Amino acid sequence: MIKALDRFLDHLTMYRLVLYYLTALLVTAFAFTFAKLVPYDPLALVFTSALTLAVCWITNKAFELVFEVPANKESVYITALILALILDPVTATDLKGIGAVAFASVWAISSKFIFAVGRKHLFNPAALGVALSALLLDKPATWWVGGNSWLLPFVLVGGILIVRKLRRLDLVAAFMIVALITILATTDPSLYGEALKETLTSSPLLFFAFVMLTEPLTAPTTRWPRIAFAAVVGFLFAPNVHIGSFYFTPELALLAGNVFAYATGPKGRFVLTLERIERSAIDSYDFIFSSPRKLAFEAGQYLEWTLGMNRSDNRGNRRYFTIASAPTEETVRLGVKFYPQSSAFKRELIAMKPGGRIHAAQLAGNFTLPANHGTKIAFLAGGIGITPFRSMLQHLLDRDERRPIVVLYGTEGQQDIAYRDVLGTARRKLGIRTIHAIARGAERGQYPGYIDERLIRLALPDYLERTFYISGPQAMVKALRQKLRAMGVRRSRIKVDYFPGFA
């Protein structure tokens, strides 16, 4: 069941999944209005949704032209649908209501451009839009989608899919635990039952956690800052938390958390210029970019890459890829494998010419070398999954740093082997050997077949003492992780290269 679910999620980007989820909630709410299960006029709900979509689209288009930056159209629609689900629906004759909805929509999109540091927006767009609407127009968000018990099952099921896709259970769990503890700590003990029931069934807690809190551009990308961020927002989310006569609302709690996230996270968005394209293996290419400022990162981390595209497919115009270059190199290298039916993003990427630009942001990832240089390590790579190891090995070469590392590299054939130069140099200069597992056409000294238990035992007699880093196609990664666990390798000694939106 879990495997089937993951296969389904792997074919959707994070943005597309959230867009589908919000659309399903809105359609369900519209259907429920006819049965009076959602206490709004269906025409008002349709009108408000159309209004937020139109205003958000127009505002984004205007800023996109002025700032000359590529925008994720799905992100615009997501912001619009969130606003439609948390603001009270208005009718076509309610001019004040229309003005408030339009005001919130304009500011939500504007915040991505105006309140941006280093081309990275600081605040959650929808949260800022409704916060300003409440402050300046006295039109606060009612969060009606989270306060309706009939919609609760739909909020819950879709939210679980998002958390699974993003691997953000730690974020959501930390937020909910701190929020519930704070709510109980500020509530009379005799009212605990009522407070819990109200919070879990008739408050924005779940929708807020699944949709707003997990928004990747304004939340920390590494684990402990992410948990701290969730705790800060969870504490301020509790309705009884106040400073003097000032009480926090959900959106204000999130905005405060956004400031914390910015203070603790990597800063800015990078505009990279393509210098050249190199072929690393059959159907695999390296895109070498220059950056106006030095990109500080750890070998093995990833970035979110955004291309300006007139038309995209269901994979969107943003993708996550591991950085193939080392922190010590002057250029930024992106390694990509292309398939006969590649996504629109990849088709646009391969069509780039020197001088073309791509935007990169959300530097993150814990798939990095351990601080202890004596830790015994095994790199298990499949296909283009060798990219993070290329980054690590080149970094070690540039620093002339020796570590007890063995690389097991699985490919379909000889022509699929990438970065032969780096692997060969690492063997000669650092003593880091690479054992190739070739499914078809293995040569002398290579292992015929895929990386399996037999190869691990043959190549790594001390495998129980090693920390395993696994990178490659998800099916391979999952199979190797399970196999290592069955072989007695502790869970803490297995690290997997995974990032949001992996597909």
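Here is a walk through this predicted model, element by element. Residues are numbered from 1 along each chain as its sequence is written, and side-chain values use heavy atoms, with hydrogens and water left out. Since the model is predicted, local features need pLDDT of at least 70 and side-chain atom pairs count only at pLDDT 80 or more, while totals for chains, interfaces and linings use all residues.

Helices and strands carry numbers counted from the N terminus; they are DSSP runs, H or I of at least four residues for helices and E of at least two for strands. Let's start with a pair of helices. Two packed helices are described by the angle between their axes and the distance between the axes. Helix α2 (residues 14-34) and helix α3 (residues 42-67) have axes that come within 9 Å and cross at roughly 160 degrees. That makes α2 roughly antiparallel to α3. The axes here are lines fitted to C-alpha atoms, for helices over the stretch in contact, and angles run from 0 to 180 degrees between N-to-C directions. Angles under 35 degrees count as roughly parallel, over 145 as roughly antiparallel, 65 to 115 as roughly perpendicular, and the rest as oblique.

Who touches whom? On the α2 side we find Leu26, Ala29, Phe30, Thr33 and Phe34, and they meet Pro42, Leu45, Val46 and Ser49 in α3. By class, that contact has seven nonpolar, two polar and no charged residues. In this scheme Ala, Val, Leu, Ile, Met, Phe, Trp, Tyr, Cys and Pro are nonpolar, Asp, Glu, Lys and Arg are charged, and the others, Gly among them, are polar. Contact itself means heavy atoms within 4.5 Å.

Now for an open sheet of six strands, with antiparallel pairing and the order β8-β7-β10-β5-β6-β9. Two strands pair if DSSP finds at least two bridges between them. At the edges stand β8 (318-322) and β9, each with a single partner strand, so one side of each is left without a neighbour in the sheet. From one strand to the next, the twist averages 40 degrees.

Let's go along this sheet. Strand β7 (residues 302-306) is mostly covered, as five of its five residues are buried. Buried means under 20% relative accessible area, exposed means over 50%, and partly exposed is in between (1.4 Å probe, protein chains only). In a regular strand the side chains alternate between the two faces of the sheet. In β7, Tyr302, Glu304 and Thr306 point one way, with Leu303 and Trp305 pointing the other way. Five bridges tie β7 to β8 in the antiparallel sense, and Leu303 has Phe321 as its bridge partner in β8. Towards β10, β7 has four bridges, again antiparallel, with Thr306 opposite His359. Strand β10 (residues 357-364) also pairs with β5 (residues 270-281) over four antiparallel bridges, where Val271 stands opposite His359.

Six antiparallel bridges join β9 to β6 (residues 284-290), and Phe289 stands opposite Val332.

There is also an open sheet of six strands with parallel pairing, in the order β14-β13-β12-β11-β15-β16. Here β14 (447-448) and β16 (494-496) stand at the edges, each with a single partner strand, so one side of each has no neighbour in the sheet. Between β12 and β13 there are six parallel bridges, and Val406 stands opposite Arg433 in β13.

Helix α15 (residues 420-430) has Val422, Leu423, Thr425, Ala426 and Leu430 buried. Seen down the axis of α15, its buried residues fall within an arc of 165 degrees, so they line one face of the helix; the arc is that of the directions from the helix axis to the C-beta atoms. Their cover includes α14 (387-399), β12 (405-411) and β13 (433-438). On the face turned away from that buried side sit the exposed residues Asp421 and Arg428.

Finally, helix α17 lies across β11 (377-382), β15 (467-471) and β16, running at about 160 degrees to β15. Ala479 has its place in α17 (residues 474-486) and is partly exposed, with a relative accessible area of 39%.
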